[in-house]
Amino acid sequence: RIFFVFSIVGFFMMACGFLWQIGADAMRDWVANMVPLLLLGLFLVVGILIVISALIGKNRQSQCTIAVVGKCVEVKWTYRSSGDSGTMFYCPVYEYTYNGQIYTGCEEVYVAENGVAEGEYREIFINPEQPEQIYEKGRGEAANTILLCLGLLFIAMSTFVIAICYHENFK
């Protein structure tokens, strides 16, 4: 997903630079006025994508309604570094039975705390329509709420500043 954001920003930066170099004075003025609006539009799009991501996570929670007991058969992990330090993030993989069939599922929500060990049993919730889709209470709920708030903040702030810039430039 982040690849597309960088691609879009790169495209607009190259296009604006090209128009700046070959354009007349009117074109340069237009580019100078539009660059802030384009960047704010990008923030708006990022905010919308963040909100969509959070709503997909909340939708999964509402669809997973059947409680089953799952056995942790693996703990997937990833390492994310920032500067000189980094953090390990964990995601358990569960094996469980539903309607006489054995499933293996992972919520794909990585958190910094590894609260589950291999061989441990936990109550998980599954989607009866898609039994391989699972949800474990307490994992990712705070992240979804933070993402939703952050996305709404991006949308509100960028919309507010776009309205001000548009009003100032095109009154």
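The side chains of arginine 122 and glutamate 136 form a salt bridge, with N and O 3.2 Å apart; the term requires a side-chain nitrogen of Lys or Arg within 4 Å of a carboxyl oxygen of Asp or Glu. Arginine 122 belongs to strand S4 (residues 121-126) and glutamate 136 to the loop between strand S5 (134-135) and helix H3 (141-169), so the pair ties together parts 14 residues apart in sequence. Strands (E, at least two residues) and helices (H or I, at least four) are DSSP runs, numbered from the N terminus.

The model is predicted: local features need pLDDT of at least 70 and side-chain atom pairs pLDDT 80 or more, while totals for chains, interfaces and linings use all residues. Residues are numbered from 1 along each chain as its sequence is written, and side-chain values use heavy atoms, with hydrogens and water left out.

The whole structure holds two salt bridges. In the other, glutamate 120 pairs with arginine 122, the closest N and O atoms lying 2.9 Å apart. Through shared partners, Glu120, Arg122 and Glu136 are joined into one network. Glutamate 136 is buried at 6% relative accessible area, whereas glutamate 120 is partly exposed at 28% and arginine 122 is partly exposed at 26%. Here buried means under 20% relative accessible area, exposed over 50%, and partly exposed in between, with a 1.4 Å probe and protein chains only.

Helix H2 runs over residues 25-63, and its 39 residues reach 57 Å from first C-alpha to last, close to the expected 57 Å. That expectation is 1.5 Å times one less than the number of residues. H2 has a kink of about 30° at methionine 34, shortly before proline 36; the bend is the angle between axes fitted to the seven residues ending there and the seven starting there. Methionine 34 is also among the buried residues of H2, which include Val31, Leu37, Val46 and Ile50.

A nonpolar surface patch consists of Phe4, Ile8, Phe11, Phe12 and Leu38, with about 480 Å² of accessible area together. Patch residues have over 30% relative accessible area and no salt bridge, and nonpolar side chains (Val, Leu, Ile, Met, Phe, Trp, Tyr) are joined within 5 Å. Areas come from the Shrake-Rupley method with a 1.4 Å probe. Helix H1 (residues 2-22) gives the most to the patch, with four residues. Phenylalanine 4, in H1, is exposed at 56%.

The structure has zero disulfides, a disulfide being a pair of cysteine sulfur atoms within 2.5 Å.

Definitions and conventions. Patch = residues over 30% accessible without salt bridge, like charges linked within 9 Å, V, L, I, M, F, W, Y side chains within 5 Å.
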